[in-house]
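Grab a pencil and work through these exercises with the model open beside you. Each one sets a task and then walks through a solution.

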Amino acid sequence: MRRAADPPTADEEQASCTSSEPLLKQDACDGNSSSHTISTWWARSSRRDSDNPTRRKDTPDWPRWMTARRDFHHDEKLMCGLKSRCCARLGLGTLIFLGLIQLFSVLGGLLIVFVPDGIHRITDKWGQLGHIGQGLSSWPTDFSRGVLPIPCHSHNDYWRRVPLYSAIEAGCISVEADVWLFGEELYVGHSLASLTPNRTLASLYVDPLVQILEKQNPTTQFHPDGNISQHGVFDTLPEQSLTLLVDFKTSGSALFPYVLSALEPLRSRGHLTYRNGTQTINRPITVIGTGNTPFSLVDSDLANLHHDIFFDAPLAAMWEGLPGETSTPAPTPESLVYGADIDASLPDGSASDREQQSASEDDMGQGMSGVAQSPDAYTSENSGYASVSFAQAIGHVLYGKLSDSQMKLIRGHIRGAHRRGLKARYWELPFWPIGLRNYVWDVLVKEGVDLLNVDDLKGATKTDWGGKTGWWS
């Protein structure tokens, strides 16, 4: 008697060709009646189950190759999940490790701040009451300790939140005050609308300078007479004179005697630079008149009796070429020659003509009031600066770079000023874009300009503004 699990006979396989199972019928009728038919796999699997009593009864009767493939895919998914979890844990562990390092670094810094070591404890508390160096941390002239003077001019200094002192703190060796005469008082401000009764030349500049210089020149057992050796406002360079550039805004001839009078507190203490007839005596404060300051009064022995106000000469008139160059380079679209060439280009009856006709001869603006007939009249005996508007004399900086003709103008101006013993200065410099401003500053310093006319004190006193090549920098 045949068992149900025995392999089917040949007659049974042939009969299966007529069965109603189309898939099975196709396999058998195609001649695949050997061990590759489903029935054969089923029979073999059944025999293995009967021959292997340890086989679990609840295990599905799958062919081995299907079972193995299923187990392989299952194990592959397990491995992928395990790898993902390992990567996530590794990344999280790395972040935690780096965070701990940063935390320890911060805690170490705080530890140094709040619990300093030996040398830090000494330097932090040195000179204080009850600590090392008690009473030794100050000296009479420490007003500007650590400040190094640099050749910059604090343009419109009175606009700053702290006039005068901010410029000294930055190291500027020159400050500017715009002065207006009303009644018998000199008021400081950029325009009439900005004037106030308490902002005067005395309150903003003369009186503070007197106080600073009294501190810088004390009378002690080592220095019995404070006037013997005049120390300036900079303790790191006591011989450096601070220039007070007084911009005459109202009538120059009317202002001049009042400015002379306002300077008396500095003059009487011997703080003003002056000319003694043969040489210039350098003192802590040098006063230079600009704006409507008349050169004719500055150069007068009668009007400028003490010879302690100097003139801001016209830089454009001092252009000098190299050997073989006999004339100023012709104006170009990007550079205009300052002075008569500009006035001549104005049409008759223009607003500028009418304003100049109504103005007196000594109210023509910087370097043009009561001027001499020849540029050679301006020397170190009567002048300190030689200045001009950069925008008018040099023009716009096109394409982020000065042209060859502009460079020729700059070099000729500086050459002429230096030959006369004067300091070259350009005002109305470009201030934006910052890269363009820095580029112009860098060029002027390299070409030998003596003072940078600056509004941005912090930008001017940095050491990294040079070397720019264009406005995009």
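**Exercise 1: a greasy patch**

Leu107 counts as partly exposed because its relative accessibility is 44%, and that label covers everything between buried (under 20%) and exposed (over 50%), with a 1.4 Å probe and protein chains only. A word on ground rules: this is a predicted model, where local features need pLDDT of at least 70, side-chain atom pairs count only at pLDDT 80 or more, and totals for chains, interfaces and linings use all residues. Residues are numbered from 1 along each chain as its sequence is written, and side-chain values use heavy atoms, leaving out hydrogens and water.

*Task:* Find the helix that holds Leu107, and list the residues of the nonpolar surface patch.

*Solution.*
- Step 1: Leu107 sits in helix α4, residues 64-114 (helices are DSSP runs of H or I, at least four residues; strands are runs of E, at least two; both are numbered from the N terminus).
- Step 2: the patch is made by Leu92, Ile96, Leu100, Leu103, Phe104, Val106, Leu107 and Leu110, and comes to about 740 Å².

**Exercise 2: ring pairs**

*Task:* Classify the pair Phe311 and Tyr378 as stacked or edge-to-face, then do likewise for Phe390 and Tyr426.

*Solution.*
- Step 1: rings of Phe, Tyr and Trp (its six-membered ring) pair if their centres lie within 6.5 Å; planes under 30 degrees apart are stacked, over 60 edge-to-face, the rest tilted. This rule gives seven aromatic pairs.
- Step 2: Phe311 and Tyr378 have ring centres 5.9 Å apart and planes at 15 degrees, so they're stacked.
- Step 3: Phe311 is in strand β8 (309-314) and Tyr378 in the loop between α12 (351-358) and β9 (383-389), so the pair ties together parts 67 residues apart in sequence. Both Phe311 and Tyr378 are buried.
- Step 4: Phe390 and Tyr426 are edge-to-face, at 5.7 Å centre to centre with 85 degrees between the planes. Phe390 is in helix α13 (390-393) and Tyr426 in strand β10 (423-427), 36 residues apart.
- Step 5: ring pairs also link Phe295, Phe311 and Tyr378 into a cluster.

**Exercise 3: one face of a helix**

*Task:* Work out which residues of helix α8 are buried and why they line one face.

*Solution.*
- Step 1: in α8 (residues 252-262), the buried ones are Gly252, Leu255, Phe256, Val259 and Leu260.
- Step 2: viewed down the α8 axis, these buried residues fall within an arc of 135 degrees, so they line one face (the arc is that of the directions from the helix axis to the C-beta atoms).
- Step 3: their cover includes β2 (172-182), β4 (242-248) and α10 (295-298).

How values were computed. Patch = residues over 30% accessible without salt bridge, like charges linked within 9 Å, V, L, I, M, F, W, Y side chains within 5 Å. Areas by Shrake-Rupley, 256 points an atom, 1.4 Å probe, with all protein chains shown as cover. Salt bridge = Lys/Arg side-chain N within 4 Å of Asp/Glu carboxyl O. Contact = heavy atoms within 4.5 Å.
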